[in-house]
Amino acid sequence: MPIEFKKTQAVFSEVVNVDDAEALLGWLQKKSSTKVSLSACTHLHPANLQVLMAAKPRIASWPTDANLRAWLESVLKFEQGDHYGKDYSNRG
Amino acid sequence: MNPLLEQFLSEARDFLQGIGEKLMQLEQAPGDSGLMNELFRLVHTLKGNSGLFEFPEMTRVLHAGEDLMDAVKDGRVGYAQDLADQLLDAMDFVGLLCDEIESAGRIDASRAADSVRLAEALRALIVSHAAADVVASEDNAPSPPPPTAEGAPPSLADIPEAIRVEAFRRAQDGDPLHWLVYTPVAECFYQGDDPFFQARQTPDLLWGDIVAPEPWPKLAELDAYRCVLGFRLLTAAPREVLDEYYRYVPDQVRISAVAPLLLATPQGIPNGGPVYSEEDAVAFEAILVAQRRILLLDDHPVWQTGRLKAVAGVLVNCFKATGDPEAAGEIEAALAQSLATGDGVPLLAWLDARHGDMQPSAAQMGQAPVSTGLAAISPDGTTTAKGVTSVMAAAPAAGDETTKFGRRAEDQPGTKSLKVDQVKIDHLMNLIGEMVVSKNALPYLAHRAENQYGVRELSREIKAQYAVINRIAEEMQDAIMQVRMMPVSFVFQRFPRLVRDTSRKLGKEVNLVLEGEETEADKNIIEALADPLIHIIRNSLDHGLETPDVRRACGKPTVATLTIRAAQEADRVVIEIIDDGKGIDPGVIKRKAYEKGVINEATLERISDQEAINLVFAAGLSTAEVVSDLSGRGVGMDVVRTAVEKIHGDILLESEVGKGTRLRISLPLSMAVTKVMIIESNQQIFGVPMDHVVETVRVPRGDIFAIKHCQATMLRGRIVPFKALNVLLGLPAEPKANADDELAVLVVRVGGETVGLLVDNFREAVDIIQKPLSGVLSSLAAYSGSALMGDGSVLMVLNVKEIV
């Protein structure tokens, strides 16, 4: 299981497939305060990525994969506690 | 190149030709729906065929063409001249791709852009025509925005300084920089795409980021499977590599070349666009020029310090105003130096460096070096200038966008294969046949010259000439035969699919082994073989091979093996279909055959298992329940046998219960020439096809004995029944014996049985071109045809099966 859903935290590991996006979206919709751990993740399908970008959960840990981290940091770095609110991409 | 691709290319050219012709015809008769359907079918088939290979460029264009034709066919879009033009253009493009595949084995990735453009143009016709059908608008040559490198992608400013420096370094090393905007279509996830992965794996990726929609929809309304993301990438890969990498989605990417210089400029523009207007820029320019002039003053008044400070202050404020506050630090540093030395040189140097950067035109003239951040890499302005020109050259010229794919006749590469109407080959075949026959008249002539006119010398010369003509004629015949030859793979290639589909349907696991696909035989034979073979294979799959469970229970491997093997044996092609299924039980066959009245009780007792198995070919047997046992789809094995025999082939079935079945079809290489044995009976000559002849023997009259009213003899431990040819043909004459009172017996095999034909004499075996009997004679079953002999006489060829 590439995504392990805990109480308030979703733990991503290895390659997260397109099929997981549905479950992820459902889980994020249910929870009010969520954290995502990406440290063991090496790649995630953009379906999952856009769910994360829309839901803006707190990122508990960034991927150890430096390349993936660089990609994700630019889009998933939300100001803390600013869920669902701020328009993050006023960057250019 | 594999044969399938070769065939595709050859067919594709035919299709293109056909499409062109149909389009021309449609111009004459735009309302002809039959033509339109035909045209649609051609485009559709060609598209389907192209899908078998990895030629997305070709398929894309054809697909668009198909859509357009579909719209025209349904009357949604009217047929018009420009529509035909566009289609012809597209087909020319496809032809071009075919040539490219043939010469290079692949399509160059740079074609992707052209293919997208053509496909869009075709699609646009559907829309524009549908909309403006009544007005019959002319303007439907849409020009999608050309992907030129116009201007700097403003988003370069988002790229961190370190990466920009690295990119600049790569550019200085000669790597082309490209800015790539990849906007996947919303449905791409359903097509199995992973655009993020695609973007991450982009060759020579320097930097990339993800573009998201604004604002995000509410989480509850979000559809995770509609792709809304886009990607922006900076890469150092050459254009061709990028085109190749994104060849499946060329319509979703925009690639533009990046001038290395542009990497330097955005330093001060965090908002992603020019902050100052044209006038501002002029004013800014003027201020800088003024400051420069001040610094250049070489008088050293007491207020020099104050002047330098003032200049520095102006510069700091100016650069702050243009959104470059960082410049302040550098200016301070330069000011400190200037104050220390007491002259404006350090400040001037800084300003010059900065100024040049602000003004690419100046850089082009080779006046000023680039910005400080990059000064270390390119200390002189010339490198920069060079960079600019090379980028100019790399940028695709917008003017070339309207490249036409129409090719002139002389562009056509010489095709290696020639498509010839079969009728012409047949005609050639007939001609050579006649030549062989007339050539055979020469020995007779030589004979007459010697015996009748007594000119031996002439006879010998005629014979010598005959030898030459004979050799050439034989070679010619052989060459024409070769033209008609086709590999059996023509038939075999459809079997993998057939086996796969059928076995899937039946729930059986079958491993198909094809051997000797390159074996060649005459086209007619190969074509005639297709249906019987399909039938045999279906039979094997349906009735021969067991389901995996049954096989496991029998201790056989669960995956059954079906082998189809072709090989050439002497002048025949042998095709074997071997399965390792349950085999055929001769007992069952015998019983069924007896029940059906195919064999009588005596035969039932007598026939061997091998003979019994071959009873499945008997006409009466392949009906009702037996069909469900041994064959299937309404066509019996007798049909197979008939088809094989029609092309002068033999079929033999061997089977072992529990082990499998082996079906052996032996066919002549060519039907054009038949070898016959000439026999004499009642002063007439007849031909007997060599296929039937087992041996020729002379049997002393004393060795012939009668079994009831039938004559027979013992030949090599077997009883061979005799039949007199004269009797069979209704000739009122006795067989003649030779001087030693021996009778000439031609032993022939008819469907597994041997029979001795009593004839008067044997003659030679000859190659003849057999012509079927026509007209009134065609009802004579006793003869299979006739042939013209070298001396002008007609040889009747016996149909042994019928007369015995």
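**A buried aspartate and an interface**

Tutor: B:Asp579 lies in strand β9 (residues 572–579) of chain B; a strand is a DSSP run of E with at least two residues, numbered from the N terminus. This is a predicted model, in which local features need pLDDT of at least 70, side-chain atom pairs count only at pLDDT 80 or more, and totals for chains, interfaces and linings use all residues. Residues are numbered from 1 along each chain as its sequence is written, chains are lettered from A and ligands numbered from 1 in the order in which they are written, and side-chain values use heavy atoms, with hydrogens and water left out.

Student: Why is B:Asp579 said to have no salt bridge?

Tutor: A salt bridge needs a side-chain nitrogen of Lys or Arg within 4 Å of a carboxyl oxygen of Asp or Glu. The nearest side chain of opposite charge, B:Lys556, is 7.1 Å away, so B:Asp579 has none.

Student: What does the side chain of B:Asp579 reach?

Tutor: The side chain reaches the backbone nitrogen of B:Gly581 at 3.0 Å.

Student: What makes B:Arg200 and A:Asp65 a salt bridge?

Tutor: Their side chains meet at 3.6 Å, N to O, which is within 4 Å, and therefore the pair qualifies. Across the interface of chain B and chain A the rule finds 1 salt bridge.

Student: How many residues does the contact take from chain B and from chain A?

Tutor: With contact meaning heavy atoms within 4.5 Å, chain B gives 29 residues and chain A gives 34 residues.

Definitions and conventions:
Helices (H or I, at least four residues) and strands (E, at least two) are DSSP runs, numbered from the N terminus. Buried means under 20% relative accessible area, exposed over 50%, partly exposed in between (1.4 Å probe, protein chains only). Lys and Arg count as positive and Asp and Glu as negative; His and the chain ends are not counted. A polar contact is a pair of N or O atoms within 3.5 Å; within protein, one must be able to donate a hydrogen and the other to accept it, and residues adjacent in sequence count only if both atoms are side-chain atoms.
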